[in-house]
Protein chains: 2
Amino acid sequence: MSSRAHPGGKVTIAEVAQRAGVSKGSVSLAMNDKPGVSAATREKILRVAKELGWLPNQAARSLSSASTQVNNIGLVIARPARMLGLEPFYMEFISGIESVLAERSHSLLLRLVRDVEEEIEVHDGWGRSKQISGSIVVDFTVDDPRVPALRASRLPVVAVGHPDLTGGLPSVWTDDGAAITEAVHYLAALGHRRLARVGGPPSLGHSAIRTEAFVKAVAGLNLEPARIVPTDFSGEQGARATRALLASAQRPTAILYDNDIMAVAGLSVATEMGVAVPTELSLLAWDDSQLCRLTHPPLSAMSHDVFVFGAEVARLLMGIIDHGEAEAGHAAPTPVLVPRGTTARLR
Amino acid sequence: MSSRAHPGGKVTIAEVAQRAGVSKGSVSLAMNDKPGVSAATREKILRVAKELGWLPNQAARSLSSASTQVNNIGLVIARPARMLGLEPFYMEFISGIESVLAERSHSLLLRLVRDVEEEIEVHDGWGRSKQISGSIVVDFTVDDPRVPALRASRLPVVAVGHPDLTGGLPSVWTDDGAAITEAVHYLAALGHRRLARVGGPPSLGHSAIRTEAFVKAVAGLNLEPARIVPTDFSGEQGARATRALLASAQRPTAILYDNDIMAVAGLSVATEMGVAVPTELSLLAWDDSQLCRLTHPPLSAMSHDVFVFGAEVARLLMGIIDHGEAEAGHAAPTPVLVPRGTTARLR
DNA sequence: GAACGTGTCTATAGCGGTTCAGTCGATTTT
DNA sequence: AAAATCGACTGAACCGCTATAGACACGTTC
């Protein structure tokens with residue numbers, strides 16, 4: 001194989017070296033801006049490389065140098081695909097992340113899995129094959145098996161969840177307990193004494209935290225014992241839960257939902273069952289996407305900026321990747337009560 | 001949880017081979033389900049590999065075999081991050097894609113960029129470094145510069161857009177022309193003679209196609225010349241466009257929007273300006289996410305299942321990756337008119 | 001003038017896999 | 001019984017690059 005004009009075929013460092021009349025080693029040095037080649041030689045090499053349209057093969061490079069430089073951030077979500085599209089939370093969260101990644105020329109490697117075991121597996125695979133330089137982890141449970149797994153891998157990680165759940169991993173979280181307490185106090189102030197909560201799966205850490213705060217706040221105010229209905233966050237289950245609550249003997253006069261999808265569904269159910277909102281029943285949503293402003297009446301909600309939250313998470317991760325694990329994380333602003341048309345004084 | 005790790009960390013094929021009492025070659029064969037090892041040996045090798053927690057190093061693998069097997073699909077979007085979270089279309093589209101990828105253990109590599117040049121660059125980088133095994137490309141313009149670039153790279157690709165725009169790349173598209181025509185005929189049948197369209201950027205191919213069909217349908221029915229207002233698809237611009245249309249001397253009696261966000265915003269504007277919907281003004285949305293059912297009155301829309309559409313795109317791409325470029329693509333079901341509360345006979 | 005730096009550049013040994021020409025028994029064919 | 005066939009398995013040659021020890025020419029220093 002000699003200096004044939006390399007038609008269309010793959011160019012390698014060897015060919016560049018030969019054409020430039022130097023060794024492969026010199027080409028490598030020149031391409032990586034390392035000392036050891038004279039300015040003249042370096043320039044010549046770069047010229048030839050450009051001429052041949054050569055770019056170093058990433059695989060070969062990372063094989064020999066161990067240090068791969070990929071610009072990908074991982075995100076594994078253990079929920080059904082359909083939910084991603086329907087839950088405004090995830091989209092806003094992801095777009096917040098992307099807003100930070102984009103300005104740093106990073107991409108998001110997104111994967112949906114069935115369960116935590118698969119999640120750990122995927123994560124491990126990504127780490128090993130060096131497909132990501134860091135990762136964002138969500139939906140922590142109590143004693144989450146991912147915590148030890150993530151500590152073991154040396155991959156930079158930011159956990160989304162309360163420090164109680166994330167076992168010392170750098171975290172960003174919202175103070176759900178405080179928000180729930182505010183919500184309960186607000187409803188109590190409106191005269192409600194029989195509250196219910198349509199929450200997420202009890203296994204989910206933040207759902208458990210909210211439930212606990214809810215029960216505590218209700219007890220603290222001497223309200224009637226609260227009913228908690230667990231769901232999978234879907235509109236269907238939100239509707240079903242609402243239907244069950246409203247059909248029960250001592251139906252609640254106020255319901256607090258764990259996201260806005262379920263609140264929207266709950267509002268429809270109330271209407272369909274002839275329960276007047278907000279005169280007979282108050283509803284309070286969580287997350288507060290644009291959905292809440294569109295219903296009739298518009299939904300009162302515990303509002304927080306999920307886009308900014310996602311961006312914050314990404315920013316922390318980039319910081320850790322750049323400067324090592326300096327920060328331990330921090331809380332994001334507590335959700336704020338935005339009263340609209342679905343909460344009112346009990347008549 | 002997993003394997004007893006093993007000091008030092010990095011496990012290589014050599015170690016697995018030694019521990020299993022076979023050669024590196026056999027391990028490779030066993031791991032890749034290739035013939036040449038007995039069932040017993042294969043099983044033993046796999047056991048040892050799992051025990052050591054070994055997974056083949058991607059870089060090494062792709063170096064030697066040229067054919068890398070990464071399970072990532074690329075998607076580059078040249079739009080601002082904020083829009084991703086707000087536009088139900090993208091989220092549904094992405095979750096549809098994920099629904100197919102998940103069952104095939106694939107991930108989505110998602111990147112937001114500023115412009116087409118950057119998009120080509122990113123794409124090229126992904127291809128070269130073998131980070132993806134295929135890609136989905138959206139938002140085609142007329143004479144899109146990505147078409148030649150994509151043809152040049154041998155990467156499997158599915159284009160989302162009408163064949164007129166995608167220059168022979170395998171494509172999936174919706175017959176927007178037919179849908180627009182149906183919409184116009186419907187509005188005309190309700191007695192509307194002064195229509196307007198709030199569309200996307202004219203540079204965008206599918207937007208241009210819709211505009212052309214719109215103008216043609218309007219002309220074909222001898223309606224008054226139609227007004228077209230271009231936007232960037234955002235709610236703000238949708239509101240502004242609607243405001244301008246309604247404030248004009250000869251205001252239209254029906255407006256057709258290019259997505260549902262703008263239709264929702266437009267409905268608010270009409271209400272705020274005291275224009276009665278649907279008695280004085282009919283509004284027709286596009287895409288039809290859950291938003292359309294929440295407004296008051298609920299939005300009539302040209303409805304199509306974006307989730308299924310995304311899944312279809314992903315399925316075609318997986319097919320091409322598996323069996324080579326067999327299919328040329330196909331049209332997805334044409335959007336269907338769903339009349340709700342914002343369209344009515346002109347009184 | 002011998003020993004020592006110094007700055008360039010070369011040769012070569014890996015990195016961790018895949019691939020393939022062979023080796024080696026056991027089984028089948030002649 | 002010898003030859004041919006066959007499946008299982010090995011050994012070594014790559015893949016394209018980086019890292020590093022050494023070769024070489026050219027001053028310096030003592």
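I counted a salt bridge where a side-chain nitrogen of Lys or Arg lies within 4 Å of a carboxyl oxygen of Asp or Glu. The model is predicted, so I note that local features need pLDDT of at least 70 and side-chain atom pairs count only at pLDDT 80 or more, while totals for chains, interfaces and linings use all residues. Residues are numbered from 1 along each chain as its sequence is written, chains are lettered from A and ligands numbered from 1 in the order in which they are written, and side-chain values use heavy atoms, with hydrogens and water left out.

**Entry 1: the interface**

I looked up the salt bridges between chain B and chain A and found two. In one salt bridge, the side chain of B:Arg82 meets that of A:Glu92 at 3.6 Å, N to O.

I then listed polar contacts (pairs of N or O atoms within 3.5 Å; within protein, one must be able to donate a hydrogen and the other to accept it, and residues adjacent in sequence count only if both atoms are side-chain atoms). The rule gives 14 residue pairs across the interface of chain B and chain A, both residues at pLDDT 80 or more.

Helices (H or I, at least four residues) and strands (E, at least two) are DSSP runs, numbered from the N terminus. Helix 6 of chain B supplies seven residues, the largest share of the side of chain B that touches chain A.

By contact (heavy atoms within 4.5 Å), 43 residues of chain B meet 43 residues of chain A. I took buried area as the accessible area (1.4 Å probe) that two parts lose on being put together, summed over both. The two chains bury about 4000 Å² between them, 61% of it on carbon and sulfur atoms. In chain B, the residues that lose the most area to chain A are B:Arg82, B:Met91 and B:Leu294, together 14% of what that side buries.

**Entry 2: strands across the chains**

Strands pair if DSSP finds at least two bridges between them. Strand 2 (residues 107–112) of chain A runs antiparallel to strand 2 of chain B, and three bridges join them. I noted A:Leu110 opposite B:Leu108.

**Entry 3: a sheet in chain B**

I recorded an open, mixed sheet of six strands in the order 7-6-8-9-10-12. Its edge strands are strand 7 (227–230) and strand 12 (336–338), each pairing on one side only. Strand 10 (residues 300–303) and strand 12 of chain B are antiparallel and joined by three bridges; B:Ser303 has B:Val336 as its bridge partner.
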